[in-house]
Amino acid sequence: MEGKVIGWVSGYRPPSEPSALFIWQVAVGQEGRNRKLASGMINTLLRRSSQQGVNHLITTITDDNHASWALFQGLARDWNTALERQAMFDSETHFAGTSATEYMARIGPIKQRNIKD
């Protein structure tokens, strides 16, 4: 926006599941909030030719990250598909109680025609 970066998203296609796009991080600066920038960036990524064949989007989210849950629930709703949630990294087992449990959010199947412009 006016030459300033106000949002970015990082992700990759896991070699163990090449039909999925794992979203690692999404960041939106104050100037970009309430503009659907995060969902727009993810939709733009999914329309790229490099993402051909992707039919699921996956990420991990802590229970208290309401903004991320809202983003990914909204994407599932927009794409008319399911969002499945299951514990991935348990607070005690994986983090010795020093970090919150992270849940795997899995959205799909995604149909290309449902991805927003």
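So, is Lys 4 buried, exposed or partly exposed? At 47% relative accessibility, Lys 4 counts as partly exposed, where buried means under 20% relative accessible area, exposed over 50% and partly exposed in between, with a 1.4 Å probe and protein chains only.

Quick caveats. This is a predicted model, where local features need pLDDT of at least 70 and side-chain atom pairs count only at pLDDT 80 or more, while totals for chains, interfaces and linings use all residues. Numbering runs from 1 along each chain as its sequence is written, and side-chain values use heavy atoms, with hydrogens and water left out.

Okay, salt bridges, meaning a side-chain nitrogen of Lys or Arg within 4 Å of a carboxyl oxygen of Asp or Glu. The structure has three. Lys 4 pairs with Glu 31, with the closest N and O atoms 2.6 Å apart. Lys 4 sits in the segment before S1 and Glu 31 in the loop between S2 and H1, so the pair ties together parts 27 residues apart in sequence. Helices (H or I, at least four residues) and strands (E, at least two) are DSSP runs, numbered from the N terminus.

Next, Arg 106 and Glu 17 meet at 2.5 Å, N to O. Arg 106 is in strand S5 and Glu 17 in the loop between S1 and S2, so this pair links parts 89 residues apart in sequence.

Then there's Asp 63 with Arg 85, at 2.6 Å, N to O. Asp 63 is partly exposed at 43%, and Arg 85 is partly exposed at 40%.

Last up, helix H1, residues 37–47: its buried residues include Ala 38, Met 41 and Leu 45. Among the elements covering the buried residues of H1 are strand S1 and helix H2.

Note on methods:
Contact means heavy atoms within 4.5 Å.
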